[in-house]
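Let's take a look inside a protein model and see what we can find. Keep the structure open while you read.

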Amino acid sequence: MPDFDFLQLQLADPEIAQVTAEYQAIGAAWDSATTSQQRREAFDRWDALRRRLETWEAVVHLHFQQDTRNADYRRRREYCDALRPQLTDLAVGMKRKLMACPHRGELEARFGSHLFELWKADLLAFDPAIQDDLVREATLEAEYTELLAAAKLSFQGGTYNHSEIVKFREHLDRDTRQAAERVRWGWYAAEAPRLDRIYDDLVKLRDGMARKLGFRDFIGMGYQRMKRVDYTQADVERFRAAVRDEVVPLGLELRRRQASELGLDRLKYWDEALFDAQGNPAPQGDHDWMIQRAQTMFKGLGGGMGEFFQLLVDAHLIDLKSREGKAGGGFCTSFPTYGFPFIYANFNGTKGDVEVFTHEMGHALQAYLSREQPVSDYLFPTYESCEIHSMGLEFLTWPWMDQFFGPDAERFRRIHLLQALLFLPYGVSVDHFQHLVYANPGATPQERHEMWREMERTYLPWREYGDLPHVSQGGFWQFQRHIYLSPFYYIDYTLAQTCALQLWSRAEKDRPATFAAFLALCRRGGEAPFQELAKSAGLVSPFEPNCLGDVVRQARITLGV
Ligand code: ZN
């Protein structure tokens with residue numbers, strides 16, 4: 001049993017005056033140090049402070065998402081959001097100082113040069129001149145989160161939130177599927193003015209910040225915020241084109257086959273999530289049963305996963321049930337001071353529960369395995385690498401899917417592979433859309449909906465919304481929280497999926513070696529940039545010309561298309 005218990009965790013809110021004083025003391029200690037050992041101590045003191053503040057921020061944001069109606073949680077989140085730019089200012093100041101320091105070589109010898117690449121990106125993406133804008137940005141983001149979390153959708157005599165109602169997308173009865181989608185998108189249609197206004201404010205605000213920092217538009221700033229140090233906008237553009245050329249035609253074939261398997265003339269949007277005339281496999285038990293099954297799975301996987309999962313359960317580091325007022329989505333956050341991650345999800349009884357769970361466990365495992373990284377910048381890699389851990393584990397747990405789906409496990413695996421492939425065109429459409437949006441910050445909400453329709457024609461040519469409200473007018477993107485909350489965080493999933501699919505095909509040939517390479521990748525945390533991490537795990541970078549084509553060929557063989 002760990003001593004740590006999340007339910008007992010109480011962290012005082014830091015005061016800016018006290019944090020500033022601590023920064024000054026650390027800076028003075030660095031300046032007055034006469035030996036490398038003294039500088040090392042000053043640096044480590046700073047790193048411990050950063051871990052403490054990151055832990056506090058993670059807890060505050062997590063509490064708010066667990067109950068968006070709790071007034072105290074909301075107040076603390078607002079306090080945290082207001083403080084954050086000031087903390088960033090202090091951190092950036094220290095980074096600037098260390099980068100210009102004659103003893104910088106000592107840090108390079110200890111941590112490598114990647115640290116300085118990351119800091120350079122941090123410096124480019126921040127200036128005290130945008131502090132107020134950052135607070136305003138966080139406020140708008142929270143408004144979006146709260147708006148969605150507050151939704152109460154009435155359907156067939158029940159009331160659902162957004163996380164819950166999507167389960168009807170997999171319902172066997174076609175009329176039920178369509179009716180549920182009508183309710184879901186009817187909500188977006190009713191909230192459209194507010195959703196448009198929040199995004200319009202965000203786009204203009206972000207564009208303004210970028211200009212204050214000397215960028216032409218927010219795209220450049222967005223890339224720096226994502227710390228993309230080893231690939232460019234042009235690389236991403238080539239990757240999107242490869243998805244369009246290699247995967248979209250396959251997607252059309254898969255969707256056609258799906259329609260015929262469902263006995264339908266044409267596949268409508270409300271049919272897309274149902275892959276099998278027998279109904280999608282669903283986990284054969286409730287939340288507690290799933291936890292038990294997961295225990296068996298993680299023990300079976302080896303590599304210390306069984307003990308790790310038990311630790312998460314015992315320390316109350318998981319929250320998987322959906323409930324009123326809880327914000328949607330699934331994610332993993334972590335508390336660097338303690339070295340523990342936390343898994344958050346919204347179970348709704350579909351196969352997605354198993355997927356989200358294994359996905360977030362991948363993140364959690366990485367956070368745990370790399371917790372001893374010597375500097376907090378290396379605790380996590382950039383997101384496209386993070387998502388290899390999560391999407392990779394989704395595939396590496398395949399042999400244990402019988403635990404959850406019994407005789408339907410094989411069907412589950414086939415659908416998982418199909419969805420992984422079909423995800424790529426959607427993922428790049430979200431990315432491409434944001435490039436259009438931020439290149440044209442003066443566009444009207446109506447024009448943005450047009451941009452999205454163009455994306456659907458390019459990457460999702462099979463999509464037919466019929467007369468569903470809102471989405472038939474180009475409003476689908478408004479459900480995608482990343483577009484509001486984490487600009488340019490989406491291509492990451494497609495890059496990672498391309499890597500995860502490689503892990504899948506390698507594991508089919510040599511499971512133990514592939515899992516060992518995966519664990520080694522997790523342990524590396526963020527000590528290197530994306531392509532270097534991928535290469536070290538024996539993965540081909542998605543930016544290599546033939547990478548995607550090879551992955552698609554392999555999948556076609558397995559799927560028989
Ligand atoms: Zn993830």
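## The second largest cavity

Helix α6 gives three residues to the lining of the second largest cavity, the largest share. Both α6 (131–149) and α7 (162–165) supply at least two lining residues each. Helices here are DSSP runs of H or I with at least four residues, strands are E runs of at least two, and both are numbered from the N terminus. Sorted by type, that's three nonpolar, five polar and two charged residues. For this sorting, Ala, Val, Leu, Ile, Met, Phe, Trp, Tyr, Cys and Pro are nonpolar, Asp, Glu, Lys and Arg are charged, and the others, including Gly, are polar.

Where does the second largest cavity lie? It lies between domain 2 (147–279 + 420–485) and domain 3 (287–414 + 491–526), because both give residues to its lining. The domain bounds come from an automatic or database assignment. The volume of this cavity is about 80 Å³, and the structure holds six cavities of 30 Å³ or more. A cavity is a set of points, on a 1 Å grid over the protein atoms alone, where a 1.4 Å probe fits but cannot get out, and lining residues have an atom within 4 Å of a point. Points are joined across faces, edges and corners, and the volume is the space filled by probe spheres set on them.

## Where the numbers come from

This is a predicted model, so local features need pLDDT of at least 70 and side-chain atom pairs need 80 or more, while totals for chains, interfaces and linings use all residues. Residues are numbered from 1 along each chain as its sequence is written, and side-chain values use heavy atoms, leaving out hydrogens and water.

## Two positive phi angles

Most residues other than glycine have a negative phi. Gln156 has a positive one, near 50°. You'll find Gln156 in the loop between β1 (153–155) and β2 (158–160), and it is exposed at 59%.

Lys227 has a positive phi as well, near 55°. This residue sits in the loop between α9 (218–225) and α10 (233–261), and Lys227 is partly exposed at 27%.

Definitions and conventions
On a 1 Å grid over the protein atoms alone, a cavity is a set of points where a 1.4 Å probe fits but cannot get out, and a pocket is an open set with protein on both sides within 12 Å along at least five of seven lines; lining residues have an atom within 4 Å of a point. Buried means under 20% relative accessible area, exposed over 50%, partly exposed in between (1.4 Å probe, protein chains only).
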